[in-house]
Amino acid sequence: MAAHEGFRHLVLAILVFAFEASLFSGVVSIYVRPPPRQTLFFHHKDEDSASPQQVHISLVGQDKMRISWITENSSPATVKYGTSPGVYDNSADGTTSSYHYVLYKSGEIHDVVVGPLKPNTVYYYRCGPDSAQERSFKTPPAQLPIKFAIVGDLGQTGWTNSTLQHVAKSNYDMLLLPGDLSYADLDQPLWDSFGRMVEPLASQRPWMVTQGNHEIEKLPIIHSTKFTSYNARWRMPFEESGSNSNLYYSFDAAGVHVVMLGSYTDFDQNSDQYKWLEADLNKVDRGKTPWIVVLIHAPWYNTNTAHQGEVESEGMRKAMEGLIHQARVGVVFAGHVHAYERFTRVSNGKPDNCGPVHITIGDGGNREGLASRFMNPQPAISVFREASFGHGQLEVVNATHAQWTWHRNDDDKPIASDSIWLRSLTSDPTCKL
């Protein structure tokens, strides 16, 4: 899949030059990003070109799972699975695709949907007809409680490794990622490296993701299509929620309705995304899903000096905040800013007991480093902020209460650096719809 290293780096240098030359920003920021850190590269360890690699799973509907993997050469998209090790009572076939990006050609990308599956159950599976390796995954519970691991702006550095080690110990049911996955930034083999890095976790629990600015990878003239790699490798269940784009979708998990929005596709009131969001929120049955959680990439509220004044933040907030508030969304998670920040319940820039809590969790470990400068004095709506790498856990205990905790990587012990109990807005009489 990878070209000769010297040639690849030459091509990459040309692409980066073209990419940077194409950038335009109407906002001048006082933020100066620290020097980047080294990106790690994870190689394929199995010499068999038909060996499955980069395996990850994602939820499809109420009782199905999409299993995705890549092989270097052609191989049938088949999964055998069952509830006992080595015993596969079921099998499913799927589709195979690939993509080109300038001179790069991906491996064979296999997508197979398996199910119906039982909730809160461990399944054992093999990818491909001749794979010797058995893997396993656990389905989410059908009823509360449920625990989400949440982390943004992962990248693939030593910091990322630390974050994933902490996440692995959290006994989570599902991971939510609000954009900026691989930080490949045109260098397509880094997508392969990222897939290998996250496979130990992403093959065992569903990873539900949305896109960030580092997934765009558009080059004028050379490659004019946005999100080519992201859409090909990380297919999410958008059709099941009535969306016509992999860049925004929703799904239910236990008693939580999760909405994944696209900060880098149209979001104004005439856009398909806006119309879809309005319809999606109107269909939510709060009796079945008393919680609504929204993920975006560019934060709508931010007191860090990084990424101020961006249209993806301010414009999207102005367009969609009314829908979010009217639907009594409980929490909005964002990435993009490489730090952690939690706001009080807020709407229209002011404290609002019926507005969502906004949390920036863009501190997964990316190569660009931390955004360490915050505005002073600290605004009243900003409750807690810190420039440290880490991850968050949202444990929705029941229909009325959930606990949010943020864990910094610097802590060897799994102690929450920030923690708060949240009450669902549907259980607050003053916020009744």
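These legends describe close-up views of a predicted model. Residues are numbered from 1 along each chain as its sequence is written, and side-chain values use heavy atoms, with hydrogens and water left out. In this predicted model, local features need pLDDT of at least 70, side-chain atom pairs count only at pLDDT 80 or more, and totals for chains, interfaces and linings use all residues.

**View 1. The second largest pocket and its lining.** The second largest pocket holds about 670 Å³ of space. A pocket is an open set of points on a 1 Å grid over the protein atoms alone, with protein on both sides within 12 Å along at least five of seven lines; lining residues have an atom within 4 Å of a point. Grid points are joined across faces, edges and corners, and a volume is the space filled by probe spheres set on the points. The lining counts 33 residues. Pro52, Gln53, Gln133, Arg135 and Glu199 lie nearest the centre. At least two lining residues come from each of strand S1 (53–60), strand S10 (135–138), helix H2 (158–168) and helix H3 (189–202). H3 gives the most, with 5 residues. Helices (H or I, at least four residues) and strands (E, at least two) are DSSP runs, numbered from the N terminus. The lining splits into 12 nonpolar, 14 polar and 7 charged residues. Here Ala, Val, Leu, Ile, Met, Phe, Trp, Tyr, Cys and Pro count as nonpolar, Asp, Glu, Lys and Arg as charged, and the others, Gly among them, as polar.

**View 2. Helix H2 against helix H3.** The axes of H2 and H3 come within 11 Å and cross at roughly 10 degrees. Axes are lines fitted to C-alpha atoms, for helices over the stretch in contact, and angles run from 0 to 180 degrees between N-to-C directions. The two helices are therefore roughly parallel (angles under 35 degrees). From H2, Thr160, Asn161, Leu164, Val167 and Ala168 meet Met197, Val198 and Leu201 of H3. Contact means heavy atoms within 4.5 Å. By class, the contact residues are 6 nonpolar, 2 polar and no charged.

**View 3. The largest cavity.** The structure holds 2 cavities of 30 Å³ or more. A cavity is a set of grid points where a 1.4 Å probe fits but cannot get out. The largest has a volume of about 80 Å³. Its lining consists of Gln54, His56, Ser68, Trp69, Ile70, Ile109, Trp191, Phe194, Gly195, Arg233 and Trp234. S1, strand S2 (64–71) and H3 each give two or more of these residues. The lining has 6 nonpolar, 4 polar and 1 charged residues.

**View 4. The second largest cavity.** The volume of this cavity is about 40 Å³. Ile296, Pro299, Trp300, Tyr301, Val332, Ala334, Phe343, His358, Ile359 and Thr360 form the lining. Strand S17 (331–334) and strand S20 (357–361) each supply two or more residues. S20 has the largest share, 3 residues. The lining counts 8 nonpolar, 2 polar and no charged residues.

**View 5. Helix H5 against helix H6.** H5 spans residues 272–282 and H6 spans residues 311–326. Their axes come within 10 Å and cross at roughly 15 degrees. That makes H5 roughly parallel to H6. The crossing is right-handed, with the near helix turned clockwise from the far one by less than a right angle. Gln273, Tyr274, Leu277, Glu278 and Leu281 of H5 meet Met316, Ala319, Met320, Leu323 and Ile324 of H6. These contact residues divide into 8 nonpolar, 1 polar and 1 charged.

Conventions:
Angles under 35 degrees count as roughly parallel, over 145 as roughly antiparallel, 65 to 115 as roughly perpendicular and the rest as oblique.
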